Every structure is written in C-alpha cells, then in structure tokens.
Amino acid sequence: MSADDRKNDKHKAAMQKQKAKVDARIEQAATERGVAVLLTGNGKGKSSSAFGMVLRALGYGQKVGVVQFIKGQQLSGEEIYLRDHCPQVAFYQMGTGFTWNTQDRSGDIAAAEATWEKALPMLQDPSFDLVVLDEMTYMLAYKYLDEEKVLDAIRNRPPEQSVVVTGRGGGSALQEIMDTVSEVKEVKHAFKAGVKARQGVDF
Ligand code: ATP
Ligand code: MG
C-alpha cells in the first residue's frame, strides 16, 4: 500500500466515524417545532444573519414578519428590497432613529410600546412562520419594554413559529428562553480603521 493509499484509507475511516456521529445526532433531534434564535455580541453580522433567515423562509413560501426596533432614519437595502419586492412580508420599523440621536426617553418609550403593539399580534398569529425582532435587545436593556411581557410573548408563541431576536446583550432571562443563542464576536471591524459604512454590506 502506498503512502497515498494509507492516507486515503485513514481519511475514509475518519469520515465514516464522523458520519456515524452526525447521523446519531440527527436521529436524536426528533422534535419538530419552531425555534427561538438570539443573535447577539459586538461583532458585525447579527441583523444580516436574521435577514438571511428571512430569505430562507421566503424561499419556502413561508409567511414572515419583520419588526425593527431602532433603525428608522437609516434606510437599509433589506428594507428597500422587502418593501419593493416582497409585499407579502409584514414589515414594520420603529422609525425614531437611534436613541443617542433622539435623547428623548419618554418619546423612545412610547415608540417602543407602539412598535411592540405591531410585534405582539405576529407572535400570536400561527400563520406567521418566522418573526424577526431586529435590535429588540436594546428595548430590554434600556427598560423601554417590560421584560416579562416580551419573554411571555416569545414563550407562548405558536409552536410552529420561529422567532429571531437580534442586538447586543439582552440579558440572561432572554438567553434562557431562547433555543439557539449565538454571539458574534468582533475580531476587527472596518469602521475602526476609518472605512465608511458601505451600501449593500453594512446597510
Ligand atoms: P449587520 O446589520 O451588518 O449584520 P449587526 O446587526 O451585527 O450588523 P448592528 O450593531 O445592528 O450590528 O450594526 C448596524 C450597523 O453597524 C451595520 O452597518 C454594521 O456594519 C455596523 N456595525 C456592526 N458592528 C460594528 C462594530 N463592531 N463597529 C462598528 N460598526 C459596526
Ligand atoms: Mg443589527
């Protein structure tokens, strides 16, 4: 047997072992239900990942709702695309811009509450397959929304519905009730090297 053959055999055996492990795990994951996903952390990629799932769901003709909790003044490509090409997507934006721009706490709270009033019916409607609550963690961090109310709505949503929450932090109670929690770690970000936010990449 040549050295190459030995390498190939070894690789094949390793792959077979790996496949058996993966198959066993797939076999174990037998529960069919919607999942709650939290995308958090300081790195770039939380909202864009959420919109990746929107695209996936739309590919299967699923019903999608998107509620954005802070970005109102900066138009984004995903907003433009969904509004122009996906009228079936229920899209709502808080629309007051970033908090450090408004500096108006009671105004922010009213806007957060009004936005929550759009999100809640989606979380209660079994016809929605996927609901994205973009930048929602900040509403909890600033205590603009009552945490128990929000967690209850996520917990009690229709069993087949998936929900994606994005934003830094969010707190341990939120993490506790979510099925999947991913923290996007910042290794570096172009902005810190003075590169301007880029159309199609950052917004
Ligand atoms: P994205 O929408 O690109 O997935 P995100 O949702 O992970 O980003 P946000 O904090 O919501 O992160 O960021 C919104 C905007 O800020 C985007 O333009 C993004 O590129 C930029 N951004 C994200 N992370 C950082 C960072 N660590 N430093 C500077 N800008 C950032
Ligand atoms: Mg974001």
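How do the residues of the lining of the second largest pocket divide into nonpolar, polar and charged? The fourth legend below takes this up.

**Conventions.** This is a predicted model, in which local features need pLDDT of at least 70, side-chain atom pairs count only at pLDDT 80 or more, and totals for chains, interfaces and linings use all residues. Residues are numbered from 1 along each chain as its sequence is written, chains are lettered from A and ligands numbered from 1 in the order in which they are written, and side-chain values use heavy atoms, with hydrogens and water left out.

**View 1. The whole protein.** The protein holds eight helices and six strands. Both kinds of element are DSSP runs numbered from the N terminus: helices are H or I with at least four residues, strands E with at least two. Their order from the N terminus is α-β-α-β-α-β-α-α-β-α-α-β-α-β. The C-alpha atoms fill a box of roughly 75 × 45 × 35 Å along the principal axes. Of the 203 residues, 35% are buried. Buried means under 20% relative accessible area, exposed over 50%, and partly exposed in between, with a 1.4 Å probe and protein chains only.

View 2. Strand β1 covers residues 36-40, and five of its five residues are buried. In a regular strand the side chains alternate between the two faces of the sheet. In β1 both faces are covered: A36, L38 and T40 are buried on one side, V37 and L39 on the other. β1 pairs with β5 in the parallel sense over four bridges. Two strands pair if DSSP finds at least two bridges between them. L39 has T166 of β5 as its bridge partner. Four bridges also join β1 to β6 (residues 180-183), again parallel. There, T40 stands opposite E183.

View 3. S47 and E135 are both buried. E135 counts as buried because its relative accessibility is 7%. E135 also has a positive phi of about 65°, although it is not a glycine.

**View 4. The second largest pocket.** This pocket has a volume of about 240 Å³. α2 (46-59) and β5 (162-166) are the elements that give two or more residues to its lining. The largest share, three residues, comes from α2. By type, the lining has seven nonpolar, two polar and three charged residues. Among the lining residues are M53, R56, Y60 and D129. A pocket is an open set of points on a 1 Å grid over the protein atoms alone, where a 1.4 Å probe fits, with protein on both sides within 12 Å along at least five of seven lines; lining residues have an atom within 4 Å of a point. Grid points are joined across faces, edges and corners, and the volume is the space filled by probe spheres set on them. Ala, Val, Leu, Ile, Met, Phe, Trp, Tyr, Cys and Pro count as nonpolar, Asp, Glu, Lys and Arg as charged, and the others, Gly among them, as polar.

**View 5. L75 and F203.** L75 lies in the loop between β2 (64-68) and α3 (77-85). L75 is partly exposed, at 46% relative accessible area. L75 and F203 are 128 residues apart in sequence, yet 7.3 Å apart in space, C-alpha to C-alpha. Beyond its neighbours within four places in sequence, L75 is in contact with I80 and F203. Contact means heavy atoms within 4.5 Å.
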